[in-house]
Amino acid sequence: MTKVEEALHMVGGAGETSYALNSRLQKKVKEENGDQVLPYYVAGVPGSFYGRLFPSNSLHFAHSSYCLMWLSQVPVGIENGGVNINKGNIYISRTSPPIVSRLYLEQFKRDFSSFLKFRSQEIVNGGQMILSFLGRKSSDPSKSELCHFYDLVADALNSMVQELNTFNMPFYAASKEEVQQVIQSEGSFYIEQMQTLESNWDPFDDSDDDQVFDNVKSGHNVAKCIRAVLEPLLVGHLGQQAIVDQVFERYAHNVAMHLLKEKTKHIVFILALKTKDLNN
């Protein structure tokens, strides 16, 4: 099986399905948060953000954009001894056994705690960090907006692949309470501010109403947006580019049909954190 750190990356280049052309949702959130983010230097470093990246006490400010809903791995126990207990799904679903939600939450807690611990070692006392990532409103993880989002992907996969038995998303949409609990338990930061934003599934739809003016076009927009992120994972898992192309064509149709019935929104958390003064 392909390792998550090898397969989980954005589609590169500047083509039609590239992340560069399909990251408008991320740009919109940055614009909403623009008054809090001061100009800063950008550095690219190798390695997982769930491990150490920078020298100790070397950062005064850190910004993590659309990363922390991605887990370091598929939750331990989902694929147990070659048996997928979440068969037919790729994420938490209404048809998932209750243990699936618990395993995803446990993995999120481990990963987010590691992220906070390592960043606290790299950021100076009194330094700041701004995080933005997808979350959920519902207390029940099987009823979140992103569950349905990925159910539509699973449906597209199931229509192309005879039996979907082994693919699960290394992803978790946490609730506000779960995020706050991990920050408090880990103990290195305190929350200065936490905002919840809503953004339409179609990143090119900036309207605030419940009307979808062109569901087919929106379906294609959503499919291109998620393809820019998921394609490397699916190609690594399925091994056939042609099948992946068909999956996203089917997914665009699924989203278009969904948007005829309901205009669904993503939930985005933006947090401003500050390190605790460990000298006091």
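Mentor: D202 lies in the loop that joins β6 (189–200) to α6; helices here are DSSP runs of H or I with at least four residues, strands are runs of E with at least two, and both are numbered from the N terminus. The model is predicted, with local features requiring pLDDT of at least 70 and side-chain atom pairs pLDDT 80 or more, whereas totals for chains, interfaces and linings use all residues. Residues are numbered from 1 along each chain as its sequence is written, and side-chain values use heavy atoms, without hydrogens or water.

With a relative accessibility of 6%, D202 counts as buried (under 20% relative accessible area; exposed is over 50%, partly exposed in between, with a 1.4 Å probe and protein chains only). The D202 side chain comes to 2.9 Å from the backbone nitrogen of F204. Beyond neighbours within four places in sequence, D202 has contacts (heavy atoms within 4.5 Å) with S218, N221 and V222.

In α4 the buried residues are L146, C147, F149, Y150, L152, V153, A154, A156 and L157. Their cover includes β4 (123–136), α6 (215–238), α7 (241–261) and β7 (265–275). An α-helix has 3.6 residues a turn, so residues three or four places apart point the same way. The geometry of α4 is consistent: its 16 residues (145–160) should span 22 Å at 1.5 Å a residue, and the end C-alpha atoms are 24 Å apart; the expected span is 1.5 Å times one less than the number of residues.

C147 is buried at 1% relative accessible area, while C67 counts as partly exposed at 22%. The disulfide count is zero, the criterion being two cysteine sulfur atoms within 2.5 Å.

As to confidence, the protein averages a pLDDT of 84, and 82% of the residues score at least 70; pLDDT is the predictor's confidence in each residue, from 0 to 100. Residues 9–13 have pLDDT below 50, and beyond near neighbours in sequence this stretch has 17 contacts in the model. Where pLDDT is low, the predicted coordinates should not be read in detail.

Definitions and conventions. A polar contact is a pair of N or O atoms within 3.5 Å; within protein, one must be able to donate a hydrogen and the other to accept it, and residues adjacent in sequence count only if both atoms are side-chain atoms.
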